[in-house]
Amino acid sequence: MQEGFQIPNLLLPQETEVHLGKYAELRRQYLIKHRRVLYINLKTSGKLAEHLAEIEESARRMVEQTVQQMAQTEGVTEELKATDPVRWTGLMNNLRHSAEELILNDLIYS
């Protein structure tokens with residue numbers, strides 16, 4: 001009761017504090033802009049932080065696995081790293097960007 005009126009107690013469920021990384025933040029922004037109903041449902045049910053933490057972990061794992069597989073396929077080895085580190089760095093950056101693009105399309109923006 002406040003000033004003679006009954007006001008409902010509409011508080012969101014308490015969520016655990018989770019560190020949001022790059023992929024979780026991208027997913028959150030995507031949900032806000034393109035999947036508003038899903039975002040609101042996750043937020044009001046208290047499962048948004050859990051969902052974002054799962055996306056962050058899955059995306060990081062998938063990027064690392066994809067980069068390793070692509071490096072093996074392309075022949076980017078530790079030997080190349082020792083003999084030509086600049087070329088190795090460029091190739092690994094290209095592989096990482098390609099892997100991230102795949103993961104963003106498959107996991108974040110879906």
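## Salt bridges along the helices

In this predicted model, arginine 28 and glutamate 25 join their side chains in a salt bridge, with N and O 2.6 Å apart, where a salt bridge is a side-chain nitrogen of Lys or Arg within 4 Å of a carboxyl oxygen of Asp or Glu. Both residues belong to helix α1 and stand three residues apart, about one turn of the helix; helices here are DSSP runs of H or I with at least four residues, numbered from the N terminus. Glutamate 25 has a relative accessible area of 27% and is therefore partly exposed, given that buried means under 20% relative accessible area, exposed means over 50%, and partly exposed lies in between, with a 1.4 Å probe and protein chains only.

The structure holds five salt bridges, and helix α3 contains both partners of the one between arginine 60 and glutamate 56, four residues apart and about one turn of the helix. The closest N and O atoms of arginine 60 and glutamate 56 are 2.6 Å apart. Arginine 60 is partly exposed because its relative accessibility is 46%, whereas glutamate 56, at 8% relative accessibility, counts as buried. Another salt bridge links arginine 61 with glutamate 57, and there the closest N and O atoms are 3.6 Å apart; these two residues also lie in helix α3, four residues apart, about one turn of the helix. Arginine 61 is partly exposed, with a relative accessible area of 40%, and glutamate 57 counts as exposed because its relative accessibility is 52%.

## How the model is read

Residues are numbered from 1 along each chain as its sequence is written, and side-chain values use heavy atoms, leaving out hydrogens and water. Since the model is predicted, local features need pLDDT of at least 70 and side-chain atom pairs count only at pLDDT 80 or more, while totals for chains, interfaces and linings use all residues.

## Helix α1 against helix α3

Two packed helices are described by the angle between their axes and the distance between the axes. For α1 and α3 the angle is about 125° and the axes are 8 Å apart, the axes being lines fitted to C-alpha atoms, for helices over the stretch in contact, with angles that run from 0 to 180 degrees between N-to-C directions. The two helices are therefore oblique to each other, a word kept for angles that are not under 35 degrees (roughly parallel), over 145 (roughly antiparallel) or 65 to 115 (roughly perpendicular). The crossing of α1 and α3 is right-handed, which is the case when the near helix is turned clockwise from the far one by less than a right angle, anticlockwise being left-handed.

On the α1 side, the residues that make this contact are Lys22, Tyr23, Ala24, Arg27, Arg28 and Leu31, and on the α3 side they include His51, Glu56 and Arg60, contact meaning heavy atoms within 4.5 Å. By class, eight of the contact residues are nonpolar, one is polar and five are charged; Ala, Val, Leu, Ile, Met, Phe, Trp, Tyr, Cys and Pro count as nonpolar, Asp, Glu, Lys and Arg as charged, and the others, Gly among them, as polar.

## Helix α1 against helix α5

Helix α1 (residues 22-34) also packs with helix α5 (residues 85-108), at an angle of about 45° and with the axes 11 Å apart. That angle is why α1 is oblique to α5, and the crossing of these two helices is right-handed. In α1 the residues Lys22, Tyr23, Leu26, Arg27 and Tyr30 meet Glu100, Leu104, Leu107 and Ile108 in α5. This contact has six nonpolar, no polar and three charged residues.

## Residues in and around helix α3

Histidine 51 is placed in helix α3, which spans residues 48-74. When neighbours within four places in sequence are left aside, histidine 51 is in contact with Arg27, Leu31 and Leu42; the C-alpha atoms of histidine 51 and alanine 24 are separated by 8.6 Å, although the two residues are 27 residues apart along the chain. Threonine 66, also found in helix α3, is buried because its relative accessible area is 16%. With neighbours within four places in sequence set aside, threonine 66 contacts Ala99, Leu102 and Ile103.

Glycine 21 lies in the segment before α1 and, at 9% relative accessibility, counts as buried. Beyond residues up to four places away in sequence, glycine 21 touches Glu56 and Arg60.
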